[in-house]
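Take a look at the protein below.

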Amino acid sequence: MLSDIKYYLTISFPTLSILFLIFINIFVSNNFFDFGQLFVFQAIFFWILYTPKLLPLYIILIAGILQDIIYLSPIGSTALIFLLLVFLFDKYNKLFLEPSFVDLFTTFIILFIIGTIAFWGLNSFINLSFLPLRINLVYEILLNLFFFPVNYFVLHIFYKKLNLEIKKYKRNV
């Protein structure tokens, strides 16, 4: 029984880490600075890269909807952007067998900027007018680009410590 609990907690770690980043973002944005709604994409990017079987699309949809509720944005807009970014990353990921960290970081930068612009465009479309471009948007991009390597290495440590290789959990998930 205890081994089953450990097993399920281990395979749910990607989902738990995404939820943790959502709540960290709430705490930090209320007290210090705002990472923006796409902050959680850092964890989604990492887990889609290393353990895509442990992070199904419905978890990404739920995370996006939760972000929309927290930020009071149109329901489904963040989830749609997350799905777009996952689709684009999936297309990119098939081009390279073993990308280096620099390749991954560059990919994250490009995808994050595309996601930010798409999110602004989608919200402008929903509001039927161009929303103003705020300087906070640039700060959000820079903060996320600065903290991506930190989150990547922390998540990579958990990935190695929890031994979350795809082969190990493929049959049960």
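The structure holds 25 aromatic pairs. Rings of Phe, Tyr and Trp (its six-membered ring) pair if their centres lie within 6.5 Å; planes under 30 degrees apart are stacked, over 60 edge-to-face, and the rest tilted. One of the pairs joins Phe-45 and Phe-108. Their centres are 5.5 Å apart, with 70 degrees between the planes, and the pair is edge-to-face. This pair links distant parts of the chain. Phe-45 sits in helix α3 (residues 41-50), while Phe-108 belongs to helix α6 (residues 101-127), 63 residues apart. Both Phe-45 and Phe-108 are buried. Buried means under 20% relative accessible area, exposed means over 50%, and partly exposed lies in between (1.4 Å probe, protein chains only).

Now turn to Tyr-152 and Phe-153. Their ring centres lie 5.5 Å apart and their planes stand at 85 degrees, so this pair is edge-to-face. Phe-153 has a relative accessible area of 45%, so Phe-153 is partly exposed.

A word on the source. This is a predicted model, in which local features need pLDDT of at least 70 and side-chain atom pairs count only at pLDDT 80 or more, while totals for chains, interfaces and linings use all residues. Residues are numbered from 1 along each chain as its sequence is written, and side-chain values use heavy atoms, with hydrogens and water left out.

Next, find Gln-67 in helix α4 (residues 57-71). Gln-67 is buried, because its relative accessible area is 1%. Which residues does Gln-67 touch, leaving out those up to four places away in sequence? They are Ile-22, Asn-25, Gly-36, Gln-37, Val-40 and Thr-78. A contact means heavy atoms within 4.5 Å.

Step back to the whole protein. It has eight helices and zero strands. Helices (H or I, at least four residues) and strands (E, at least two) are DSSP runs, numbered from the N terminus. Of the 173 residues, 42% count as buried. Among contacts between residues at least 6 apart in sequence, 74% join residues at least 24 apart.

What about overall size? The C-alpha trace spans about 55 × 35 × 30 Å along its principal axes. A compact globule of 173 residues would have a radius of gyration near 16 Å, and the protein has 16 Å, which agrees. That radius is taken over C-alpha atoms, and the globule rule is 2.2 Å times the number of residues to the power 0.38.
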